[in-house]
Amino acid sequence: MKILTGNDLGTGDVIWWAGDGWSRQVGDSADVGDKGDELVRAEEAAQRVVGAYVIDATVTDEGIRPAHIKDRIRALGPTVRPDLTLKPNDADAGNWVI
């Protein structure tokens, strides 16, 4: 199956094409078949999504699963831990601002 993913224009959240709009849940994804590129152009032109692209996916017992590991990680949600980010002038972190 072919599904669409991209980022919400307002929040930057990862979103998935659900057939009648966008969802934040990969499980809501709809198979776009050979219409994916056409949908990408239309949705980006309407400014409902940014960076949209077509990916391969399969349906498993657990639901829709993107074929590529990068997209499976995107489907899991944010992976950045704010408590691990470097602070602007944290000498202990080796992060010097001159």
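Start with Trp-17: at 9% relative accessibility it counts as buried, where buried means under 20% relative accessible area, exposed over 50% and partly exposed in between, with a 1.4 Å probe and protein chains only. This is a predicted model, so local features need pLDDT of at least 70 and side-chain atom pairs count only at pLDDT 80 or more, while totals for chains, interfaces and linings use all residues. Residues are numbered from 1 along each chain as its sequence is written, and side-chain values use heavy atoms, with hydrogens and water left out.

Rings of Phe, Tyr and Trp (its six-membered ring) pair if their centres lie within 6.5 Å; planes under 30 degrees apart are stacked, over 60 edge-to-face, and the rest tilted. That rule gives one aromatic pair. Trp-17 and Trp-22 form an edge-to-face pair, 5.3 Å centre to centre with 70 degrees between the planes.

Switch to cartoon for the sheet. Helices (H or I, at least four residues) and strands (E, at least two) are DSSP runs numbered from the N terminus, and two strands pair if DSSP finds at least two bridges between them. Contact here means heavy atoms within 4.5 Å.

Which residues make up the largest nonpolar core? Select Leu-4, Ile-15, Trp-17, Val-32, Val-40, Val-49 and Ala-52, seven residues in all. A nonpolar core is a set of buried Ala, Val, Leu, Ile, Met, Phe, Trp, Tyr and Cys residues joined through side-chain atoms within 4.5 Å. Another core, of six residues, lies apart from it and includes Ile-3, Ile-55, Ala-57 and Ile-64.

Last stop: Asn-7, in strand β1. At 19% relative accessibility, Asn-7 counts as buried. Leaving aside neighbours within four places in sequence, Asn-7 contacts Gly-12, Asp-13, Val-14, Ile-15, Val-49, Val-50 and Arg-74.
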